[in-house]
Amino acid sequence: MASIRDIRQRIKVVRNIQKITNAMKMVAAARLKKAQDRAMAARPYADTMGQVMENLSRAAASVDHPLLRVRPEENIGVIVIGADRGLAGSYNSNVMRATVRFLRDRDPDTVRLVLLGRKALDFFRRRRYSIAETLSVPTSNVTFADIRPVAAKVRDLFESAEVDAVYLVYSQFVTAMTQRPTVLKLLPIEPAADELAPSGEFIFEPGAEQLFGALLPRYVDTQIYRALVEAVASEHGARMTAMAAATTNAADMIDSLSLTYNKARQAAITKEITEIVSAAEALV
Amino acid sequence: MPGKTFHLEIVTPDRVVLSDDRVASVIVPGSQGYLGVLAGHAPLLAELKVGQIDIRREDNSELAMATSGGFIEVSENKAIILADTAEIALEIDVSRAEDAKTRAEDRLRRRGEAETDAARADAALTRALNRLHVAEHAQG
């Protein structure tokens, strides 16, 4: 049985861990709030962009653009958005698992990965996939400019026909407790289902072709940006939940250790009393 | 006959800058030249370049903004501006724009670098000058 001193030492250690997990929980909660606001703020732009795209593709259905070209899917690119840091519960492993499941039936030689977040890089570095581009994910204040290089690289891969489709794997933010790993097809862009007739005659300035040329890359960038802000919010949510659980677990552990400690202490006292009493009896 | 006002929305990747349904007119920097939009405008989709957005409301109050490009869509008496950035003239950070201008000018002076760098510096300079111009116009 552990000695009283050992138990006391363990309680101290657990208490220190609890302090750290609690602090991490608070930090994650504060960052979650910010990230959530950011994710919400990014939605109108992305939604509106989607709407505009829809109108445009309806009005100019015949336009040909490199980002719209459908090819047989031989090589694919996959953007994986993880986090730079761990200790976020199953956040990273969920995204990685979703990616691995998605890639299961594919020959690794036909896959190009674009990895966001150091944890994603750590995970795939040891595997047989070729990595086209990486980017670290700042824990706060992701900006549109941050994803530009990645987005440009992805578009380049697709336009040069090095890959025939691009998918995006990220964690969709539902609530602080729930994050949903999601696989999304990014390229080629599929024009909206055309059940409606062209909505009026649009005036295009400059021509439809040039407009598409300017709008489509922007659309891709927006999609990636949106996924990233969602992922960052998910990360903080997952970390907050994980750290809250860790703090509770530490409290439970302290309770049970205290109980053991008290029992041991009482046993020692009882033993001492018994010894004294029996010694006294022997003298009588 | 459609009303004399229309709904205008200006959104950037970070936020909704403006959402107003009593706008009388808006003038935007189209890639081929400035465009004016009034109520009942025909459906339009245009690319925007760096420049100034001028909004006039129903009550004749005016609002100027600096933008660094984007798109405008007009349909069904509603105008949506998808801007890369959009700042209300009175809120422009003049000292930051001055800094950006100096930086861009410096970079342009030290030529001999890759051409893309020069192009980027040039674009940065255009944006900075635009911000300063719009701010000056509104404040001065």
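The model is predicted, with local features requiring pLDDT of at least 70 and side-chain atom pairs counted only at pLDDT 80 or more, whereas totals for chains, interfaces and linings use all residues. Residues are numbered from 1 along each chain as its sequence is written, chains are lettered from A and ligands numbered from 1 in the order in which they are written, and side-chain values rest on heavy atoms, with hydrogens and water left out.

In chain A, an open sheet of 5 strands with mixed pairing has the order 3-2-1-4-5, where strands (E, at least two residues) and helices (H or I, at least four) are DSSP runs numbered from the N terminus, and two strands pair if DSSP finds at least two bridges between them. Strand 3 (130–135) and strand 5 (179–187) of chain A each have a single partner strand and stand at the edges, so one side of each is left without a neighbour in the sheet. On average, neighbouring strands of this sheet are turned by 20° against each other, direction ignored; axes are lines fitted to C-alpha atoms, for helices over the stretch in contact, and angles run from 0 to 180 degrees between N-to-C directions. Strand 4 (residues 165–173) of chain A runs antiparallel to strand 5 of chain A and is joined to it by 8 bridges, with F173(A) having Q179(A) as its bridge partner in strand 5 of chain A. Helix 2 (residues 91–103) of chain A packs on the sheet through strand 1 (76–81), strand 2 (111–116), strand 4 and strand 5 of chain A, its direction making about 170° with that of strand 1 of chain A, contact being defined as heavy atoms within 4.5 Å. Helix 5 (residues 208–283) of chain A lies across strand 1, strand 2, strand 4 and strand 5 of chain A, at about 35° to strand 4 of chain A.

In chain B, strand 1 (residues 6–11) and strand 2 (residues 16–30) pair in the antiparallel sense over 5 bridges and form a hairpin with 4 residues between them. Strand 2 of chain B is also joined to strand 3 (residues 33–38) of chain B by 6 bridges, again antiparallel, in a hairpin with 2 residues between the strands. The bridge partner of G30(B) in strand 3 of chain B is G33(B), while G30(B) also stands opposite L48(B) in strand 4 of chain B.

Y45(A), I203(A) and E205(A) supply 30% of the area that chain A buries against chain B, more than any other three residues.

The largest pocket is lined by 30 residues, of which S68(B), T85(B), R96(B), R127(B) and R131(B) lie nearest its centre. A pocket is an open set of points on a 1 Å grid over the protein atoms alone, with protein on both sides within 12 Å along at least five of seven lines, a cavity is a set where a 1.4 Å probe fits but cannot get out, and lining residues have an atom within 4 Å of a point. Helix 2 of chain B gives the largest share of the lining of the largest pocket, 6 residues.

How values were computed
Buried area is the accessible area (1.4 Å probe) that two parts lose on being put together, summed over both.
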